[in-house]
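Please look over the sequence and structure shown below before reading the briefing that follows.

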Amino acid sequence: MQRELTFLIALWKANLLAAMEYRAAFISQVIGMMLNNAVYFIFWIIFFERFQQVRGWSLGDMFFLFGVVAASFGAGVYLFGNVLDLANVIANGRLDYYLALPRPVLLHVLASRSISSGLGDFTYGVLSFVIARQFSPDIIARFVLGVILATIVFVAFLILVESLAFWIGNAALLSQQASNALVTFSLYPITLFEGNARLILFTLIPAAFIGAVPAEFIRSFSWTTLAQLLIAAFGLLALALIVFRRGLRRYESGSAIQVQM
Amino acid sequence: MQNKLVAACQKYLAIFKIQIINSAAYPLDLATRSITMILFMYIFASLWDATYRAMGQTAIAGLSLRDTLWYLMIAETIVLSKPRLAHTIAESVKDGSIAYLLNKPYNFLLYHFSVAFGDGTLRLVFNAIIGGAMVWLMVGPPPDMIGVPFVLVAIAFAWLLDCAFTALVGLTAFITEDVAAFDWIYSKLVLILGGTLIPLDFFPAWLREIVTALPFAYTVYAPARFFVAPDLARFAMLIAGQLVWLAILALILLFVFQRGVTRLTINGG
């Protein structure tokens with residue numbers, strides 16, 4: 001475990017140094033993404049200015065929701081950037097490079113790339129939480145825990161979907177649609193959705209676990225919400241690891257070992 | 001003079017047609033992309049249904065739930081089908097491939113506009129059919145079908161406006177390393193100030209006055225709003241507004257393009 005952590009930190013450091021080579025692009029992506037999210041949030045300000053509440057949700061709740069979704073999405077794509085590209089890595093035989101090295105394959109693939117804009121998302125998420133003005137130590141602790149668990153759900157879900165590439169070949173478009181659906185649904189009040197749609201958001205597309213559930217957990221502590229989050233995060237992660245390992249047994253390529261620049 | 005103009009139009013029409021044929025080669029890709037349309041329309045239907053119920057009103061700012069959903073269907077169709085020109089132009093500037101297009105017997109910008117229109121047209125058809133079917137099933141037929149041919153003209157001009165904006169964003173690659181941030185912000189301005197997520201009628205009065213005069217409103221709001229309340233006076237105002245902004249943006253675009261090309265330096269080839 002210690003060895004993996006040291007390895008991860010070394011990868012993140014290398015990614016940061018690589019990004020610093022193009023400092024202006026890095027900074028513009030981080031600030032640009034923060035502005036991008038802020039402009040998007042204007043929709044909710046205008047909406048709640050006119051309608052005050054919808055199914056029990058108000059503007060204050062949306063700050064928490066955006067805080068946790070943006071921070072977890074940002075952390076996920078910054079720390080494990082290849083999670084958005086895993087299907088292509090598998091389909092194009094680029095796993096060969098990682099398989100040839102004495103390091104955990106999945107961890108190595110995922111952390112080999114950092115998406116700079118993710119840092120903008122993460123910072124925006126933290127700012128959104130700050131704007132909600134709930135600064136008691138227990139709420140801050142719950143925000144940190146909520147973001148960590150939501151990040152695990154997000155990354156695990158994408159590993160699961162992108163690993164379909166082992167079976168169906170080009171799964172890039174499918175996984176792009178799945179991640180779009182996950183993020184889009186997570187940014188809306190969960191109470192809008194009823195019946196089967198709600199069931200889907202807690203299972204097939206687990207948007208509730210990167211948005212509404214952690215936001216609810218941050219707002220007010222309950223053992224039930226915490227248990228739901230823990231089961232979703234670690235259950236999905238275990239499933240993702242099993243599926244990736246099963247898929248890896250089927251993996252074959254045309255010997256595409258090459259130098260990774 | 002007239003012959004030259006016809007020949008030029010035929011040239012770009014040919015590029016447009018070739019691009020449509022290219023897109024038609026991947027029907028599964030087109031259908032998969034339309035999933036996003038289903039997703040958004042489902043979310044909007046849930047959100048606005050809950051909102052209208054909570055308000056206990058049949059109409060908000062003059063729009064019924066049916067009007068709002070048909071408005072959003074047209075708005076989403078315009079936005080989800082439109083091509084991502086900024087990225088294409090920025091890449092051709094950064095990797096130097098612009099040099100291969102500049103010496104061809106066509107205008108670099110008009111070439112990209114033709115390709116973009118060709119790329120987006122089939123997506124527009126797919127999205128409109130899928131989104132239209134969904135909304136029809138949920139709230140019934142659109143208020144007035146007479147607006148359809150007019151709205152197609154308005155969408156064509158809206159896309160031209162969008163092409164001009166995104167080309168400007170792409171051309172910033174002449175001076176910056178990365179244009180992604182400008183592209184994100186532009187697309188979010190279209191989402192909010194263009195009225196893609198919420199009809200501008202629901203904005204506070206003072207803000208509505210400002211945003212309806214901006215060019216973003218003419219790329220989404222104006223055509224979608226016309227669709228749910230079509231009348232000739234509104235159409236004339238819409239087209240006039242689009243043409244004015246198009247003329248202003250075309251001038252800026254030409255200026256930026258000329259400046260960019262004069263400072264272009266490419267090694268090798």
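In chain A, where is confidence lowest and where is it highest? Confidence, given as pLDDT (the predictor's confidence in each residue, from 0 to 100), is lowest in helix 10 (residues 172-186) of chain A, at a mean of 87, and highest in helix 13 (residues 223-250) of chain A, at 96. This is a predicted model, in which local features need pLDDT of at least 70 and side-chain atom pairs count only at pLDDT 80 or more, while totals for chains, interfaces and linings use all residues. Residues are numbered from 1 along each chain as its sequence is written, and chains are lettered from A and ligands numbered from 1 in the order in which they are written. Helices (H or I, at least four residues) are DSSP runs, numbered from the N terminus.

**Contact between the chains**
- The contact, counted where C-beta atoms placed from the backbone lie within 7 Å, takes 31 residues from chain A and 27 residues from chain B.
- On the side of chain A that touches chain B, the largest share, 18 residues, comes from helix 2 of chain A.

**Helix 7 of chain B**
- Gly140(B), whose phi is positive, near 95 degrees, follows helix 7 of chain B.

**Phe226(B)**
- Phe226(B), found in helix 12 (residues 221-228) of chain B, is buried (20 or more other C-beta atoms within 10 Å, these being placed from the backbone), because 21 lie within that distance.

Notes:
Helices (H or I, at least four residues) and strands (E, at least two) are DSSP runs, numbered from the N terminus. Two residues are in contact if their C-beta atoms, placed from the backbone, lie within 7 Å. A residue is buried if 20 or more other C-beta atoms lie within 10 Å of its own, exposed if 12 or fewer, and partly exposed in between; C-beta atoms are placed from the backbone.
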